[in-house]
Amino acid sequence: MMLFPELVLASHNAGKLKELQAMLGASVRLRSVGEFSQVEPEETGLSFVENAILKARNAARLSGLPALADDSGLAVDALGGAPGIYSARYADGQGDAANNAKLLAALKDVPDAKRGAQFVCCLALVRHADDPLPIICEGLWHGRILHEARGEQGFGYDPLFWVEERQCSSAELAPADKNSLSHRAIAMALLKQRLGL
Ligand SMILES: O=P(O)(O)OP(=O)(O)OP(=O)(O)OC[C@H]1O[C@@H](n2cnc3c(O)ncnc32)[C@H](O)[C@@H]1O
Ligand SMILES: [Mg+2]
């Protein structure tokens, strides 16, 4: 078993911190990288895994602690997988509401049958900044993009993501439900297995 009583989460996204801490439980305390620096690293990778590793190494370097990063996003079939790794920057850094508005506009004429999408989550854990063997775990969550926003829970693209197995949007799910079904939940279950938690 690999025990990390304290991990720094290489993220400035409060929604991720809340979800990941809930999934990890009390045995691991997640500290935000925001305690160490407000500067966000440039996500220059071409894949989720490259960006996750880059963020984890940066946080480990800043904090001197083992670090966990989450690089995630939404891949929409009708857009050839976009916004993908650019999900946070889809509307040029104007935030979640602008991202969602841009996505709805891009899919304006796309019928339900072609609105398939998946949330992707890649977790990377490094024991130290130069760790040659990061632990990588991934999760996918299949759904469909709605025609308008529904629900107030969650963050990001949740109000536009239809969850077939629950017949509601991801922002209408109770937090505990999202945390048992989501891309992040799948990746975290694998990570917990790897750590023997
Ligand atoms: O890089 P950090 O600091 O962790 O925070 P971020 O918000 O920039 O995170 P990413 O670079 O991984 O970009 C993820 C994008 O995908 C969205 N996203 C990821 N997981 C999501 C989820 O569970 N529900 C809704 N949107 C999600 C999120 O809102 C961002 O726009
Ligand atoms: Mg980011």
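Modeller: Happy to, and please keep in mind that this is a predicted model. Let's begin with glutamate 42, which is found in the loop between strand E2 (29–32) and helix H2 (48–63).

Biologist: Is glutamate 42 buried or exposed?

Modeller: Glutamate 42 counts as exposed, at 66% relative accessibility.

Biologist: What does UniProt list for "binding site"?

Modeller: The unreviewed UniProt entry lists Glu42 and Asp71 under "binding site". They span 30 residues in sequence, yet no two of their C-alpha atoms are more than 12.4 Å apart, so they gather at one spot. The lining of the largest pocket includes both Glu42 and Asp71.

Biologist: And which residue does it list for "active site"?

Modeller: For "active site", the unreviewed UniProt entry lists Asp71.

Biologist: OK, where does aspartate 71 sit?

Modeller: Aspartate 71 is in strand E3 (residues 67–76). Aspartate 71 is buried, with a relative accessible area of 2%, whereas glutamate 42 is exposed at 66%.

Biologist: What does the side chain of aspartate 71 make a polar contact with?

Modeller: Its partner is the side chain of lysine 55, at 2.8 Å.

Biologist: Which other residues does aspartate 71 touch?

Modeller: Leaving out residues up to four places away in sequence, aspartate 71 touches Lys16, Glu43, Phe48, Asn51, Ala52, Lys55, Val120, Cys121 and Cys122.

Biologist: Tell me about Asn51, then. Where does asparagine 51 lie?

Modeller: Asparagine 51 lies in helix H2 and is buried, with a relative accessible area of 0%. Apart from neighbours within four places in sequence, asparagine 51 is in contact with Glu43, Thr44, Gly45, Asp71, Ile85 and Arg89.

Biologist: Back to the pocket. How much space lies in the largest pocket?

Modeller: The largest pocket holds about 710 Å³ of space. There are 33 residues lining the largest pocket, and those nearest its centre are Asn13, Lys16, Glu43, Lys55 and Ala88.

Biologist: Which elements give two or more residues to that lining?

Modeller: Those are H2, E3, helix H3 (96–106) and helix H5 (183–195). E3 provides the largest share of the lining, with five residues.

Biologist: Switching to helix H1 now. Which of its residues are buried?

Modeller: In H1, which runs over residues 14–24, the buried residues are Lys16, Glu19, Leu20, Met23 and Leu24. Seen down the axis of H1, they fall within an arc of 130°, so they line one face of the helix.

Biologist: What does the face turned away from the buried side carry?

Modeller: That face of H1 carries the exposed residues Ala14, Lys18 and Ala22.

Biologist: And what about the two ends of H1?

Modeller: At the start of H1, a side-chain oxygen of asparagine 13 reaches to within 2.8 Å of the backbone nitrogen of glycine 15. H1 is followed by glycine 25, whose phi is positive, near 80°.

Biologist: What is phi of aspartate 92 near?

Modeller: Phi of aspartate 92 is near 55°, a positive value in a residue other than glycine. Aspartate 92 is also in the loop between E3 and H3, and aspartate 92 is exposed, with a relative accessible area of 68%.

Biologist: Last one: where is glutamine 167?

Modeller: Glutamine 167 is in the loop between strand E6 (161–163) and strand E7 (168–169). Phi of glutamine 167 is positive too, near 55°, and glutamine 167 is partly exposed, with a relative accessible area of 48%.

Biologist: Great, thanks! If I go back to one residue in the viewer, I'll pick aspartate 71.

Modeller: Then look for the polar contact between the side chains of aspartate 71 and lysine 55. Aspartate 71 is in the lining of the largest pocket, and Lys55 is one of the lining residues nearest the pocket's centre.

Definitions and conventions. Residues are numbered from 1 along each chain as its sequence is written. Chains are lettered from A and ligands numbered from 1 in the order in which they are written. This is a predicted model: local features need pLDDT of at least 70, side-chain atom pairs count only at pLDDT 80 or more; totals for chains, interfaces and linings use all residues. Side-chain values use heavy atoms; hydrogens and water are left out. UniProt positions are given in the numbering used here, feature names are shortened, and annotations may be inferred rather than shown by experiment. On a 1 Å grid over the protein atoms alone, a cavity is a set of points where a 1.4 Å probe fits but cannot get out, and a pocket is an open set with protein on both sides within 12 Å along at least five of seven lines; lining residues have an atom within 4 Å of a point. Helices (H or I, at least four residues) and strands (E, at least two) are DSSP runs, numbered from the N terminus. Buried means under 20% relative accessible area, exposed over 50%, partly exposed in between (1.4 Å probe, protein chains only). Contact means heavy atoms within 4.5 Å. A polar contact is a pair of N or O atoms within 3.5 Å; within protein, one must be able to donate a hydrogen and the other to accept it, and residues adjacent in sequence count only if both atoms are side-chain atoms. The arc is that of the directions from the helix axis to the C-beta atoms. Grid points are joined across faces, edges and corners, and a volume is the space filled by probe spheres set on the points.
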